Amino acid sequence: MNGYEEARILLESSKRPLVFTGAGMSSESGMTTFRGRDGLWNNRSATELSSVDGFMANPGMVWEWYGQRFHAREGVVPHRGYHALVELQERKGRLPVVTQNVDGLHQTAGLTEVYELHGSMRTVSCLSGCGYATDFHEELLRKPPPLCPVCGSVLRPDVVLFGEQLPETVVKEAFRLAGDWADVVLVVGTSMLVWPAAGIPWEALQAGVEVVELNPEPTSLSKSPGVIWIPGRAAEVLPGLLEA
Ligand code: OAD
Ligand code: ZN
């Protein structure tokens, strides 16, 4: 039996599958990944665009970058791979999805239990912590950076910046599901380079849970015992892999 067939049977017989995704999940929907040839960070410094210090030093520039990402998200629809996950959710009755993505595509597709480890691009809030929060809307991009209508300080996208803590309760629940609940973990489209998120599949492996990894490129996970690596792309492979 080859790896693909083994993974297909493993997922089909699983009672409690967990999915863990990264930017590669969205790439065939037209969203750019961070790293790699055409990555979002290719020509710019990640520290400038995605860190607390970078944001503090130049919130206008970071907001302009987010403006481009918001626009890139417009009109983007979830690809076939997302629909395959929704079908799996229906068959199993529950499908927790732990994601590093901030684009909200899993939810758009109809996945109902999504743990966003790195926050979300869909909302913004006040940097001062005055409590003001709102959905992202186009108006915010008019004169970057947008200011808080309550206290006048700068608004920020609700994504986790480097140098910040991840949302604690979300992280805790995601690790609990990986280590104590799931009977198989399906990892899709992550370079496995950013921690603590990358710890999710390792947590499952440590608990003796098998991991299926879908990524055209190998990662630190691919050759590990307990991991079935399928070199392939999400939209292409998921529909067949998850077929009943
Ligand atoms: P990366 O851009 O680091 O990695 C994307 C991965 O997806 C790579 O391993 C690609 O080989 C793979 N890939 C590309 N196309 C694919 C496809 N069609 N199907 C399947 N896999 C594909 O993205 P992440 O691992 O998500 O955090 O990066 C993690 C974090 O780095 C992001 O959440 C972001 C960034 O810092 C924050 O912004 C806090
Ligand atoms: Zn405020």
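Mentor: With 13 residues at 1.5 Å a residue, H6 should span 18 Å, and its end C-alpha atoms are 18 Å apart, which agrees; the expected span is 1.5 Å times one less than the number of residues. Helices here are DSSP runs (H or I, at least four residues), and strands are runs of E of at least two, both numbered from the N terminus. This is a predicted model, in which local features need pLDDT of at least 70 and side-chain atom pairs count only at pLDDT 80 or more, while totals for chains, interfaces and linings use all residues. Side-chain values use heavy atoms, without hydrogens and water, residues are numbered from 1 along each chain as its sequence is written, and chains are lettered from A and ligands numbered from 1 in the order in which they are written.

Buried residues (under 20% relative accessible area, 1.4 Å probe, protein chains only) of H6 include Gly81, Ala84, Leu85 and Leu88. The buried residues of H6 pack against H1, S1, H2, H7, S7 and H10, where contact means heavy atoms within 4.5 Å.

The axes of H6 (residues 80-92) and H10 (residues 234-241) come within 7 Å and cross at roughly 25°; axes are lines fitted to C-alpha atoms over the stretch in contact, with angles from 0 to 180 degrees between N-to-C directions. The two helices are therefore roughly parallel (under 35 degrees). Arg80, Gly81 and Ala84 of H6 meet Ala234, Ala235, Glu236, Leu238 and Pro239 of H10. After H6 comes Gly93, with a positive phi near 85°.

Methods
Parallel < 35°, antiparallel > 145°, perpendicular 65-115°, else oblique. Buried < 20%, exposed > 50% of the residue type's maximum accessible area, 1.4 Å probe, protein only.
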